[in-house]
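Subject: Structure handover and notes

Dear colleague,

I am passing on the structure we spoke about, and my notes on it come after the entry itself. Please read them with the coordinates open.

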Amino acid sequence: MNYNIFKLKNNFITATFTDYGARILSLVVYGKDVLFGFENINGYIENADGYHGAVCGRFANRIKDGKFCLNGKTYQLNKNSSGQHLHGGLNGFDKKIWDSKLNEDSITFSYISQNGEENYPGSFNVSITYTLDENRLRLDYKYYSDKDTIANITNHAYFNLDGDNNSILDHKLMINADFYTPIDEHIIPTGEILKVNNSLFDFRELKPIRENFDKFSDTEQFKFASGIDHNFVLNKMEDCDCVLLGTKSGIKMTIKTDRQGLQVYTGNFMNNLKGKNGLVYDKHSAIALETQLFPASTSFAHFTDPVIKKGKIYKSYTVLEFDK
Ligand code: BGC
């Protein structure tokens with residue numbers, strides 16, 4: 001496979017990327033690489049089902065039975081995860097070599113997904129620009145299609161802000177979300193939108209993730225996912241949407257996005273992965289915070305609208321800010 005590696009560096013952040021899946025490979029802040037990943041590209045190929053650092057699409061997260069209806073027509077997408085369509089299907093954006101353009105403080109990856117790819121309608125043009133701006137990494141997505149289609153694009157980086165492989169449960173987390181979307185036993189949203197009050201999902205104040213795990217590990221929602229693998233409905237009224245704090249390193253990441261959903265995945269299925277820097281990754285040793293539309297939003301009219309209108313340009317952004 002013909003892939004390339006790129007580096008961006010300023011006084012605060014050193015980051016490497018590859019055009020294979022438009023991935024972030026490493027993110028060094030305050031002397032620590034806070035991103036999980038592998039020693040070489042083969043690690044990413046062998047552990048493809050982890051989507052480490054990759055851009056996921058055309059539709060990130062799950063679509064029930066891989067089926068959706070658009071303009072009166074039903075489409076059957078490829079199924080790649082227990083009968084569901086997950087993160088774009090069998091050969092999603094994470095497995096493509098994207099075009100690249102390196103600038104002084106940014107890199108843009110772009111990709112054209114052909115009409116019919118994974119059975120999606122429309123030729124779909126997508127780009128992501130990663131920009132370093134002092135202590136911030138900015139992700140700007142842009143996409144359009146020549147036919148009506150659906151899309152949900154995200155980045156699937158896993159963070160451990162202590163730069164080690166110890167449990168992420170000791171990190172502190174705050175999510176500006178009063179509601180979340182519960183799941184069924186297949187990790188598909190049921191369509192309900194419930195209050196986080198007094199539940200596994202109440203992170204309205206910064207607190208150790210462990211606190212909620214200890215209290216709510218015997219609940220159905222916890223058991224369905226072996227932890228958190230849920231969409232949070234962002235309040236969108238605050239300056240920031242989410243804060244993650246590495247309690248040993250003191251490194252704090254603040255997330256701001258224009259997306260309405262945050263898929264929080266506490267690495268529940270990670271098991272004995274041979275990662276970079278000699279680290280072995282196990283269950284709950286990192287967390288993915290995926291800014292996106294609600295999963296399965298193709299199934300529920302009251303969820304975020306995933307429809308992309310022919311010819312219209314769509315943009316979205318996420319900013320990760322690092323402090324200590
Ligand atoms: C999903 C998980 C999945 C993980 C890795 C997350 O976005 O919600 O269910 O296991 O990605 O594929």
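The notes below go from the overall fold to the cores and then to some backbone details.

This is a predicted model, in which local features need pLDDT of at least 70 and side-chain atom pairs count only at pLDDT 80 or more, while totals for chains, interfaces and linings use all residues. Residues are numbered from 1 along each chain as its sequence is written, and side-chain values use heavy atoms, with hydrogens and water left out.

The chain has 3 helices and 29 strands, where helices (H or I, at least four residues) and strands (E, at least two) are DSSP runs numbered from the N terminus. Its radius of gyration is 18 Å, close to the 20 Å that the globule rule gives for 324 residues, so the chain is as compact as a globular protein of that length; the radius is taken over C-alpha atoms, and the rule is 2.2 Å times the number of residues to the power 0.38. Of the 324 residues, 60% count as buried, meaning under 20% relative accessible area, with exposed being over 50% and partly exposed in between (1.4 Å probe, protein chains only). Among contacts (heavy atoms within 4.5 Å) between residues at least 6 apart in sequence, 67% join residues at least 24 apart.

The largest nonpolar core holds 61 residues, of which Tyr-130, Phe-159, Ile-175, Leu-289 and Phe-322 touch the most other members; such a core is a set of buried Ala, Val, Leu, Ile, Met, Phe, Trp, Tyr and Cys residues joined through side-chain atoms within 4.5 Å. Strand β12 (residues 124–133) supplies the largest share of this core, 5 residues. A second, separate core of 14 residues includes Tyr-20, Leu-25, Phe-36 and Ala-288. Leaving aside neighbours within four places in sequence, Leu-289 is in contact with residues including Ala-157, Leu-173, Cys-242 and Ile-255.

Some backbone details deserve a look, given that most residues other than glycine have a negative phi, and most peptide bonds are trans. A cis peptide bond, with omega about 10°, joins Gly-57 and Arg-58, and Arg-58 is placed in the loop between β5 (54–56) and β6 (62–63). Asp-65, in the loop between β6 and β7 (67–70), has a positive phi near 55° and counts as partly exposed at 35% relative accessibility. Asn-272, in the loop between β24 (261–265) and β25 (273–274), also has a positive phi, of about 55°, and at 44% relative accessibility counts as partly exposed.

With best wishes
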